[in-house]
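Q: Could we go through this model together, starting with the overall fold and then some side chains?

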Amino acid sequence: MTSITSPHNASLMRLRRLARRRVREREGQFVAEGEDLLDAADAAGWTALERFCARDSGLAGREVEPSALAAVSALGSGSRAIAVYEQRWSTAMGPLCVYLHGVSDPGNVGAVVRAAKAFAAGSVVLGPGCADPYGPKAVRASMGALFDVPLARVTLLEELPGERIALVPGMGEPLRGPLPSGAQATLIVGAERAGLPDEVLGACGRVAHIPMALDSINAAMAATVALYELNRIAP
């Protein structure tokens, strides 16, 4: 098969269209860029629907002229490897689950998925107003963790596993872990400015905060600290 030389090639134009959320949702697909992400997908057993690589890079995939590949890349520096995958959606799973509500920054969403993998969370669940975890920035921020961590969407908080713990700056008790052996819980995190709405707080069994000197930290940092605390090994 000959190399692709033009950014107007039909397959490359499709990569560009998948940068739009409505197209990703309609097609049920997404794009991952960079050798590290594609390696993570391979290690997790994900098979690419399409795979492209820069000509003479020695990487697996259909060869593309570097200038044409850079023209459809979402990265400022371009990429030597890009692939398309089917989205995967799961159910909310424990024993430790993270639920995001109104977290609209894709970098935060991706970073939470990365933290969920680091601290063995069973799933990350997206609620209303959240950025698409399969968007380019979120995929990159996950550093490949989205290929290992189940992602879910729910319409009712009752679908979340175990005790629901709302993380709210300055409210409730200090968050203390670890979870008791055999327990299940869902950590509920909102956006930095808007926080969690009253109806979400009212559906939680517990409200807790992270003791700190600052007024607040961003959603991804808060979720990371809380996941560490809930998952830490008891002395």
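**Overall fold and selected contacts**

A: The protein chain has eight helices and 11 strands as its secondary structure; helices (H or I, at least four residues) and strands (E, at least two) are DSSP runs, numbered from the N terminus. The model is predicted: local features need pLDDT of at least 70, side-chain atom pairs count only at pLDDT 80 or more, and totals for chains, interfaces and linings use all residues. Residues are numbered from 1 along each chain as its sequence is written, and side-chain values use heavy atoms, with hydrogens and water left out.

Q: What is the order of the strands in the open sheet of seven?
A: The order is β7-β6-β5-β10-β8-β11-β9, with parallel pairing. Two strands pair if DSSP finds at least two bridges between them. β7 (151–153) and β9 (173–174) are the edge strands with a single partner each, so one side of each has no neighbour in the sheet.

Q: How many bridges join β5 and β10?
A: Strand β5 (residues 96–101) pairs with strand β10 (residues 185–190) in the parallel sense over six bridges. Leu-100 lies opposite Val-189 in β10.

Q: And which strands does helix α5 touch?
A: Helix α5 (residues 106–118) packs on the sheet and touches β5, β6 (123–126) and β7. Contact here means heavy atoms within 4.5 Å. The direction of α5 makes about 155° with that of β6; axes are lines fitted to C-alpha atoms, for helices over the stretch in contact, and angles run from 0 to 180 degrees between N-to-C directions.

Q: Is Asn-108 buried or exposed?
A: Asn-108, in helix α5, is buried, with a relative accessible area of 9%. Buried means under 20% relative accessible area, exposed over 50%, and partly exposed in between (1.4 Å probe, protein chains only). Among the residues that Asn-108 touches, not counting those up to four places away in sequence, are Val-103 and Glu-192.

Q: Changing topic, how many salt bridges are there in the whole structure?
A: A search finds 12 salt bridges, each a side-chain nitrogen of Lys or Arg within 4 Å of a carboxyl oxygen of Asp or Glu.

Q: Which side chain does Asp-148 meet in a salt bridge?
A: Asp-148 meets Lys-117 (2.9 Å, N to O). This pair links distant parts of the chain, with Asp-148 in the loop between α6 (136–141) and β7 and Lys-117 in helix α5, 31 residues apart. Asp-148 is partly exposed at 41% relative accessibility, and Lys-117 is partly exposed at 45%.
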